[in-house]
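Open the model in your viewer and keep the sequence panel beside it. This tour goes stop by stop.

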Amino acid sequence: MTAVIANGVSLHFEVRGEGPALLMLPGLGLDLGAFDAIAQRLERKFACIALDNRGAGESDAPRGPYRIEDLAADALAVLGAAGHDRAFVLGHSLGGFIAIELALLFPEAVRGLLLLSTAAAGDPAKLRQCDEAKAAFARRNGTREEIERGILAACLTEEFLRERPDDFERFVADRLSHAPSGRGLAGQRAAARAFDAAERLCDLRVSTAVVHGNEDRVVGLDCGRALFASIPNAALHVLTGVGHLPFLEAPSQLAALAEAAFTPGERP
């Protein structure tokens, strides 16, 4: 793992593999380790560049609020520090907002998009969250572990929680050891809430795949369908029996979709 100082912050990132650059942008409060399972599957064909967004992981967490435009500029700086001027971009949830903004602000830097479990805008009132997810994200009482467990459980399907309890426990432990600071999380949340690209999606001219779990309780599938319908010539892939964290729930399926989306002549 290495770091670059850009836009007044230290940004940590990791590069795995060789080939065309694939920039991987994690969701709210997550660090680059979230992408380990799919990076392992994609590094044979791509230079997988995963970063900690400002406010999470080992990157700086300056006082907020942050803007999605700032996070997009951070991503561009990391891409350059990794030795690339163009990349395919995979963005999850908040990372999807960043990926969209990156493609709108710096179109010459983006070769293709995979928008994962995300939406055109970050206003929580528009995300079609189920009541359980709303309660989990709003909870402030209890220990950090109790709060984190509630959030992660809401991000996953009941089937995953029932059939893969060991994977859930490992993910909880990882999140607790890499949890963002309160200041960093607040800054990212402010950026997400203020983001709204709905009226600008028609300006995207890059090949785009929208991937969404049909059991996503944090960003409802309707948001993914609306995103797909608003982007010219986009493709939509619905993952059956998957919630908000496909990189944990279905890494092989997600990696295959990413490889096909970013390989000429193999778009799914």
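**Before you start.** This is a predicted model, in which local features need pLDDT of at least 70, side-chain atom pairs count only at pLDDT 80 or more, and totals for chains, interfaces and linings use all residues. Residues are numbered from 1 along each chain as its sequence is written, and side-chain values use heavy atoms, with hydrogens and water left out.

**Stop 1: the sheet.** Show the strands. Helices (H or I, at least four residues) and strands (E, at least two) are DSSP runs, numbered from the N terminus. There are 8 strands in an open sheet, ordered 1-2-4-3-5-6-7-8, with mixed pairing. Two strands pair if DSSP finds at least two bridges between them. Now select residues 2-6 and 235-239: these are the edge strands, strand 1 and strand 8, and each pairs on one side only. On average, neighbouring strands of this sheet are turned by 25° against each other, direction ignored. Axes here are lines fitted to C-alpha atoms, for helices over the stretch in contact, and angles run from 0 to 180 degrees between N-to-C directions.

**Stop 2: strand 5.** Select residues 87-92. How many of the residues of strand 5 are buried? The count is 6 of 6. Buried means under 20% relative accessible area, exposed over 50%, and partly exposed in between (1.4 Å probe, protein chains only). Both faces are covered: Ala-87, Val-89 and Gly-91 lie on one side, Phe-88, Leu-90 and His-92 on the other.

Strand 3 runs parallel to strand 5, joined by 4 bridges. Met-24 has Leu-90 as its bridge partner, and Leu-25 stands opposite Gly-91.

Look for Val-89 opposite Leu-113. Then follow the chain from strand 5 through helix 3 (residues 94-105) to strand 6: this β-α-β crossover is right-handed. A crossover is right-handed if, with the strands pointing away from the viewer, the path from the first strand over the helix to the second runs clockwise.

**Stop 3: helix pairs.** Select helix 4 (residues 131-138) and helix 5. Their axes are 8 Å apart, at an angle of about 155°. Helix 4 is therefore roughly antiparallel to helix 5. The axes of helix 5 (residues 144-155) and helix 7 come within 10 Å and cross at roughly 125°, so the two are oblique to each other. Angles under 35 degrees count as roughly parallel, over 145 as roughly antiparallel, 65 to 115 as roughly perpendicular and the rest as oblique.

**Stop 4: cysteines.** The structure holds 0 disulfides (pairs of cysteine sulfur atoms within 2.5 Å). Select Cys-155: its nearest cysteine sulfur, that of Cys-130, is 9.7 Å away. Cys-155 counts as buried because its relative accessibility is 6%. Finish at Cys-48, buried at 1%.
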